[in-house]
Amino acid sequence: MAAKGVEAAALDALKRGGPGAAEALFEAHTAAELRAVERQLRAGIEGKREELRQMVGERYRDLIEAADTIAEMRLSAELLLEAVRGLQQRRARGRAGGAAADGQRVPGRPTRETIGQPQEKFYCLAAQIQLLLQVPEKIWSAVESAQYLYATQLYLLCCHLHGLLQLESSGSCYSPILARFPILARQVAAASHFRSTILQESKSLLKCQTVLDQAVAEALCSATLLEDSSPRQALADFLLARKSAIQQLLNQPHHDAGIKAQVCSLVELLATTLFQAHALFYTLPEGTLPDPSLPCGLLFSTLETITNQHPAGKGLTVLKEEIKLSSSFKYLPPSVTEFQPTLRTLAHPISQEYLRETLQKWITMCSEDMKSGITNLLIYVKSLKGLAGIRDAVWELLTSESMSQNWETVCHRLLDKPISFWEDLLQQLFLDRLQTLTKEGFDDISSSSRELLLLTVQELEAKFDTSAPNKQILFEHNIASFLWSENPNDLPPDAAWINVASRSQFSKSGLSMKAQAHSPSVQNFCSALDSKLKAKLDDLLSYLPSDSSSSNNTLHVQSRNRSAFDRFADAGTVEELLRSHCIRCVDYVLGCVREKLHHAQDTLQGCTNALHNPKINTVLFMARLCRSMGELCPHLKQCILGKSGCPENVAREPWPLKKVGKGKTQEVNPIKAKWQELKEQLLRDSLSAYQIWSTAVAKVLVKSFTESLLKDEAGSILATATNWEEIEIEEETETGSSVKSKIRLPVQPSWCVQSLLFSLCQEVNRVGGHTLPKSTLQELLKTCRSEVLAGYEKLSEEKQEKKEGKLPITQNRALQLLYDLRYLNIVLTTKNEDTKSSRNKQDSRIERQTDFLESYIDPFDLDVFTPHLNSNLNRLVQQTSVLFGLLTGSETQYTSRSSALTSQELHNILPLASSQIRFGLLPLSMSSSHKTKSALRNTEHNGQTPTAALMRTEETFRPGSLFRQLAAEEEDTAAPSLFKLGWLSSMTK
């Protein structure tokens, strides 16, 4: 194998050649290898020589055969020339002999005319046979060139020739001649197939919608002549062919890209059928002038042209052109040369009533087929954008000049009424498909949202590992850790040069999310839901008008072209479908939320430590989700409001709705009312979730407080005791002298009270107290106050039983308990109670417990202690108004001090701080410093602060007002910078 490889390499190098190829070969190979290469070369040379010999031999034989053929052809040509010369000579001699015989004619001998009569008949028969042999080829040529009417004429002529030959064949003189042409029998058999072929091709032409009206008229004339039918039968054949064409279009293979072409072809076929029915079968009433641009009655005019018997030489006969081309056709009889087809029955025009009824039945029949067929076609359209593309293509087709011209006239003449393919046939099919696509899309959104909700809940309810905490669970459990965590997305990248008012409402910065306590889980869920809604909305907006001008243009085009339609007439229906399915989708999601909340509520009710149960994370997540969905899903609002909810058409509106004053009527937009209803539903679900949380918080915290309150051991009582203040008082004796004495009164609440309030603040702050709804906070305080009173009532019941071994309530303990009760009543009481009856009920419970505790205090001492006790209580409330600010709000911050401001007291600070404070003066949360200045000026001039100003000021003291102030300053472009405020700039130094 190696030797063969070397030889092959050497042979290739030698074949490539070159100046030094041989020398290089001798240098690179041995002598044995060179001999082997030489043997291969010689063997190859001999093989090539043999191939050359064989090729030359074959070519030589071919050349000899060709030379023999050429010689034979030359001999045949010479013989033919000699025969032609002989014929010419005999003809010349015959002419000379005839001239001489004319002078020597003998009377009684037959003349030349008499002798030539049989010859003329022979020539006539020969011409007919020749024509009969040529007609089939002409028929096939006419069929191939789609000249079916001419093919029909030739076929009828062929049948006429068959009849002539068969009739003439009965004579005795023609039998020997016909016997010499057996091919005539074959021609008769072959001609029998022409009729079915021409009929088949003619009727297949009727199915084509692109042929001209004249071609259709000729095809119908062919069928009429071949079947000897009437114009009504021709109308039936025409409509059946078009119905078959519709079925063929509907049964084509379905492809998404070809659905548009199929639907447009169906509409075009219907319109073209009506136009051609008018052009073929409609006849104008007598006295009506024809319109050149709108032909009619082509079938009858064509039949009349073909079958009318004109005088000789004036008609359009079948063989008129053939007579001019060949001299042999002069022997044909007149019945052949002037042949024209005939109808057995007259072609009467179709009445307008029959035409209208037939077309109306055909349209009804085709409409049913097309509705079912197009419905099956639209199944393959998977997007509303594709549906809109098909609708626009149909609109462009019907508004084209070829379709819209004379459409109204044709419909009036044929049907006595206008017809619209869109409204009568397609619009409802498109709306049904649009509804199906919208339903399927929102069903997918609902199912995916449910899966995402369940997955998020599963993650939040997972066991919290303190060694490796999950940030997402940590942020949901403690929103404060999320608020004070840093993230690169806290500020948008264009925050330095784009104003907040100019920024899109869809772009939310991280700081704004934190300020509104939108946790990462809520953001992820709302972002996923909003992206799906945006994709669905963008898809559906392609079916709606882009702007108001397009609708006006559509109306203008519609008034000009009646065959067109208003593409966006069903825009309201489409928006209502979108709105209803979107609301149903949100209701489905809220149903899942309520199901989870119900399950969590059942679990937390039987749990002793509900605040550490993972279900509490689910409850808070649901509460924040329902509160944030309307804001973090802007496309949800667009889906419900439709075009009016687009960003350029809607200004920002706050979450709470302003109530309309009494006596004023507000116009209610039904669409906006649905959006408001959905927002209220979301808010109700959010409040119900917060209520579950507040109930669990109140139950756990007040339970611990009640346990500490009911402990009757001396150690437990001392463990909850706090510092008392020693006050020196001066009293007047009976003699009129004054006596100084010292009393001790509580100045701080018990440790269990402080622990309760501080834990309550911690829980409120942990869930984002600045964004907690006011009603939820009031409900929490109300529940805590009721549970605290229940604890005091239980204490009074136990002390009234006077069991042995129980420590009695001393005067000092009664003072502390009374001080705690009054302090808790102040802190946990809100001004906005639900009803007056509930407030009276709480007050009566407080009075009973106060009377019970005061019964353990000496009445004389109580009179002495009460003023000092009230002073200590007021000072305590003021000092703890910031510490417990999330609970007290603005109601206990003594905002009425603003009405007593003087020029000597310009600072709005926390008053009566008796001990040395570590920080500087802490400002109250005011919206801006200019409000204080304006209030001061109003005080100096008017002597009192207006009530409206006080109400506006009270709104600023709500929990989290500082965050709302920052947001308001960020959105208000005319407001000064926050760092221009004195107190804030001093804090930043």
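## A buried phenylalanine and its partner

Phe-281 counts as buried, with a relative accessibility of 0%, where buried means under 20% relative accessible area, exposed over 50% and partly exposed in between, for a 1.4 Å probe and protein chains only. Phe-238 is likewise buried at 0% relative accessibility.

This is a predicted model, in which local features need pLDDT of at least 70 and side-chain atom pairs count only at pLDDT 80 or more, while totals for chains, interfaces and linings use all residues. Residues are numbered from 1 along each chain as its sequence is written, and side-chain values use heavy atoms, with hydrogens and water left out.

## Aromatic pairs

A search of the whole structure finds seven aromatic pairs; rings of Phe, Tyr and Trp (its six-membered ring) pair if their centres lie within 6.5 Å, and planes under 30 degrees apart count as stacked, over 60 as edge-to-face and the rest as tilted. Among them is the tilted pair of Phe-238 and Phe-281, with 5.9 Å from centre to centre and 50 degrees between the planes.

The rings of Trp-407 and Phe-421 form a tilted pair, with centres 5.6 Å apart and planes at 55 degrees. Trp-407 is buried at 5% relative accessible area, and Phe-421 is buried at 7% relative accessibility. Ring pairs link Phe-275, Trp-407 and Phe-421 into a cluster.

## Charges over rings

Arg-391 lies over the face of Tyr-543, 4.3 Å from the ring centre, and the charged end of Arg-567 sits over the ring of Trp-395, at 4.0 Å from its centre. A charge sits over a ring if NZ of Lys or CZ of Arg is within 6 Å of the ring centre and within 35 degrees of the ring normal.
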